[in-house]
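Please look through this report on one protein structure. Have the sequence and the 3D view ready.

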Amino acid sequence: MGRGIPQRPGAEARHGRLAVVVLFLVNGFCYTNVVPWLPTLKSELHLSNTALGTAVAAMPLGALVTGLLASPLIARLGSGRAAVASGLLLALTLPLVAVAPGWWALASVLFVLGCADAWMDAAMNAHGLRVQHRYRRTIINTFHAVWSIAAVCGGLLGSSMAGLGIPLSAHLAVVALLLVALTLAASRGLLPGPEHAEREGRVALPGGARAPRPSMRAMFVLLALSVLLMMAGGIEDSAASWGAVYTRDELGANAFLAGLPFVACQALMTVGRLTGDRLTDRFGAVTVARSGALLTAAGLATALVFPGTAMAIAGFGLLGLGVSTLFPLTLAAAGDVPGVRSGDGVALVGWLGRIGFLGLPPLVGMVADTTSLGVGLWVIPACGVVAATLAAALRPRS
């Protein structure tokens, strides 16, 4: 980013930033309202554990199957309008979870939610990159911090409504109306002009439907960024997938303490994202990402070498702090690859990066089944080392 004399961004840039903040809030707040209701849905629809798991898996499946459609969608509508359109689809589909009569209906609704989430994710990150160029300094981490905060708030609201006995249909209907209103309000602050107007000093690219053919060098950079995002996704997911299981089954922690590794990870991840922009502008994306990846590896490795509940909580907390900037910085770099349209880069890398969320948890489980979970979790520090090596792909290119 530019490091000259700071200039106050114009009104369009400030309005654009607020619009992107709202879009990230909508995306983070939506599905997390459903998560606390999953046990209720399982009971009401008479689903087995396997049936519920496969229904929930329909959401990432939808994201993987249709995620690349975000690229032509952004090219045709622009990143802002594409984010708004997919955000409206996300919000309006949400209440259908409450009226699903059986497994097929629930899985179908979650599949559509996964599609809309993938399209919105790519589009709002691409538009956030446009705003970041207007600001001439890093702000992308703050957007992801808003997402993390909104996700926590959505989970807390869902838990509260379920605990109070509020009908799921009423809860999700009100949430949907709120999200529709917020999304429409955000549409008023979208940046005008061509999609690549802010990419000064880089290859100017048209926003038409036909994508230019990227160079071999650009494809190599996109591949490196995709693998980096896979590592980041697997690292982020490890606290949710294995933190509680490890502290309960391997360390003998009670139910309360078993939930703290995930809480520590999310809390410190939010702190890292709130401070990540200033650190990136001061030290550069490569240094910040590499240091964070090594902190992730060292934190969890230390907890595995010296097993204990307190060490596990601290280790997963350091994991969250270290991985906090990897996702936003990688998506920002994907949208800035010379010779590649921003929407294409973000959509492709984001799509491939989702493999980390799907592939690494089963890998940890396979190793754990043949040895122990304490051994299986060494996959995560290894991912941190790989991410530190690939952090060089974040270096700005002109």
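The sections below cover the basis of the model, a histidine and some ring contacts.

## Basis

This is a predicted model, where local features need pLDDT of at least 70, side-chain atom pairs count only at pLDDT 80 or more, and totals for chains, interfaces and linings use all residues. Residues are numbered from 1 along each chain as its sequence is written, and side-chain values use heavy atoms, with hydrogens and water left out.

## Histidine 127

Histidine 127 sits in helix 7 (residues 103–135). Helices are DSSP runs of H or I with at least four residues, numbered from the N terminus. Histidine 127 has a relative accessible area of 1%, so it counts as buried (under 20%; exposed is over 50%, partly exposed in between; 1.4 Å probe, protein chains only).

The histidine 127 side chain reaches the backbone nitrogen of leucine 191 at 3.1 Å. Leaving aside neighbours within four places in sequence, histidine 127 contacts (heavy atoms within 4.5 Å) Val20, Ser79, Gly80, Leu190 and Leu191.

## Aromatic pairs

The whole structure holds two aromatic pairs. Rings of Phe, Tyr and Trp (its six-membered ring) pair if their centres lie within 6.5 Å; planes under 30 degrees apart are stacked, over 60 edge-to-face, the rest tilted. Phenylalanine 24 and phenylalanine 143 are stacked, at 5.6 Å centre to centre and 20° between the planes. Phenylalanine 24 is in helix 1 (residues 11–30) and phenylalanine 143 in helix 8 (residues 140–164), so their pair ties together parts 119 residues apart in sequence. Both phenylalanine 24 and phenylalanine 143 are buried.

Tryptophan 103 and tryptophan 104 have ring centres 4.8 Å apart and planes at 85°, so this pair is edge-to-face. Tryptophan 103 is partly exposed at 26% relative accessibility. Tryptophan 104 is exposed at 66%.

Conventions. Helices (H or I, at least four residues) and strands (E, at least two) are DSSP runs, numbered from the N terminus. A polar contact is a pair of N or O atoms within 3.5 Å; within protein, one must be able to donate a hydrogen and the other to accept it, and residues adjacent in sequence count only if both atoms are side-chain atoms.
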